[in-house]
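Visitor: I have a structure to look over and would like to talk it through. Could we take it topic by topic?

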Amino acid sequence: MLVTARYTPNIALIKYWGNRNNGLRLPAADSLSMTLSEPTVDVSVEAAKYLSVRSTKSDGTEKRLSEAQIRRFQETIELMRRYLEALHIKEALPESLRISIHSHIPPGVGLASSAAVFSALARGVASLVEETQALAPEEISVLARLGSGSAARSIYGGFVTLESGEDNDIASAQAAQITDEHHWELHDIVVIPSEEAKKIGSTEGHALAQTSPHFIARIEAIRSHRQRDCIDAIQKKDFEKLQRVAEEDTTDMHHVMMTSKPPLRYLTEDTHRIVREVTSLREKEHLPVLYTMDAGPTVHLICPKDAADKIHAFAHSQKNCLIYATKIGKGATLLADGSA
Ligand code: DP6
């Protein structure tokens, strides 16, 4: 059986940064994101004797995967098998998998595809397993988390939390949907100042988070109020509150990154300039817009529908930047014809 799942990235408003267990990707704190409507990544999965992973880019050319990237798929499949055994679903997963990834993410757009790839892989694996036993969405989110922590959140559309849980059980961190995509139409205008690949990826970065003297205070802030405030802002569609909480959290995460040992500096002078300029535009024109940055220099400008045209014009006025416009999305689809 060949299964193809289509998934999209998500953008975090409360960022996941740091694990209590790196091997199992058990986060140190809750996080929260908005699933995007585009760009999509298709992943086809079928049973095989040996692992093979093929990846093609949006222009149809093949992307060569490094040994480390292939190893990550291998390790993810082994962890998925361990989790399914814990669910008493034994031998449902074939010996190995033939995985084909087709990314529709345009070249140079620094949108992380790993969330989309690993959630699509999890959905594909769940479909193979479903011949034996159906899995609930939160169980599929655990499968996705084992490949990439933030991938757990792309299992759902709309606004989604990844609840960290407490112990070292493989299943103890799961995603949950707060509201679907119809609740609040927020847009994400992505301003991409640099096409350079980042030097330290998220997986290595997570492992350094605890070396920052500010890490514990950040986790405490998320646990005591920030995550709850963010959920409340979304439920009440209170953009001002969402802006305050999300900007506080992205600043806080980058502070932790920059004070870890060694320091991780993902933001560039261009990032700071875009943030300064959008902040002054917001004050001048009373525009509802918030900025947030992941582990890279890219600035996500999130705004309600009626501000999107102005933010779009602002984004296009930025020199030497690629712009990608997307909005809140519905999450995954399984492609009926099985083709990517
Ligand atoms: C800054 O999910 O990319 O984007 O589990 O190693 O794949 P891995 O990490 P990843 O970390 C996401 C980091 C972030 C914040 C976020 O998306 O919450």
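Guide: The conversation below turns to the ligand site, the aromatic pairs, the cysteines and some backbone details.

Guide: Please note at the outset that this is a predicted model.

Visitor: Understood. Which residues come nearest to the ligand?

Guide: There are 16 residues around the ligand, and those that come nearest are Arg 25, Ser 148, Gly 149, Ser 150 and Thr 203.

Visitor: And how do the residues of that shell divide into nonpolar, polar and charged?

Guide: The shell around the ligand holds 5 nonpolar, 6 polar and 5 charged residues.

Visitor: Which helix gives the most to the shell?

Guide: That is helix H4, residues 202-208, which gives 3 residues.

Visitor: How much of the ligand does the protein bury?

Guide: The protein buries 94% of the 460 Å² that the ligand exposes when taken alone.

Visitor: Back to Arg 25 for a moment. Where is it in the chain?

Guide: Arg 25 sits in the loop between strand S3 (19-21) and strand S4 (26-27). Its phi is near 50 degrees, a positive value in a residue other than glycine.

Visitor: Is Arg 25 buried or exposed?

Guide: Arg 25 is buried, as its relative accessible area is 12%.

Visitor: Changing topic: how many aromatic pairs does the structure hold?

Guide: The structure holds 4 aromatic pairs. One of them is formed by Phe 73 and Phe 118, which are stacked at 5.1 Å centre to centre with 25 degrees between the planes.

Visitor: Which parts of the chain does that pair link?

Guide: It links distant parts: Phe 73 is in helix H1 (residues 67-86) and Phe 118 is in helix H2 (residues 114-129), 45 residues apart. Phe 73 counts as buried because its relative accessibility is 6%. Phe 118 is likewise counted as buried, at 4% relative accessibility.

Visitor: Why is the pair of Phe 159 and Trp 184 tilted?

Guide: The planes of the two rings are at 40 degrees, so the pair is tilted, and the ring centres are 6.3 Å apart. Phe 159 lies in strand S9 (residues 159-163) and Trp 184 in the loop between strand S10 (174-179) and strand S11 (186-192), so the pair ties together parts that are 25 residues apart in sequence. Phe 159 is buried at 0% relative accessibility, and Trp 184 is buried at 9%.

Visitor: Which residues do ring pairs link into a cluster?

Guide: Phe 159, Trp 184 and Phe 239 are linked into a cluster by ring pairs.

Visitor: Now the cysteines. How many disulfides does the structure hold?

Guide: It holds 0 disulfides.

Visitor: Which peptide bonds to proline are cis?

Guide: The bond from Glu 38 to Pro 39 is cis, with omega near -10 degrees, and Pro 39 lies in the loop between strand S5 (31-35) and strand S6 (41-48). The bond from Lys 261 to Pro 262 is also cis, with omega near 0 degrees. Pro 262 lies in the loop between helix H6 (239-258) and helix H7 (269-285).

Visitor: Lastly, what does the side chain of Ser 154 contact?

Guide: A polar atom of the Ser 154 side chain lies 2.8 Å from the backbone oxygen of Thr 8. A polar contact of 3.0 Å also joins the side chains of Ser 154 and Asn 10. Ser 154 counts as buried, at 1% relative accessibility.

Terms used. Residues numbered from 1 in each chain as written. Predicted model: local features only at pLDDT ≥ 70, side-chain atom pairs only at ≥ 80, totals over all residues. Heavy atoms only, no water. Near = heavy atom within 4 Å. Areas by Shrake-Rupley, 256 points an atom, 1.4 Å probe, with all protein chains shown as cover. Helix = DSSP H or I, 4+ residues; strand = E, 2+ residues; numbered from the N terminus. Nonpolar A, V, L, I, M, F, W, Y, C, P; charged D, E, K, R; others polar. Phe/Tyr/Trp six-rings, centres within 6.5 Å; stacked < 30°, edge-to-face > 60°. Buried < 20%, exposed > 50% of the residue type's maximum accessible area, 1.4 Å probe, protein only. Disulfide = S-S within 2.5 Å. Polar contact = N/O pair within 3.5 Å; in protein donor to acceptor, adjacent residues only side chain to side chain.
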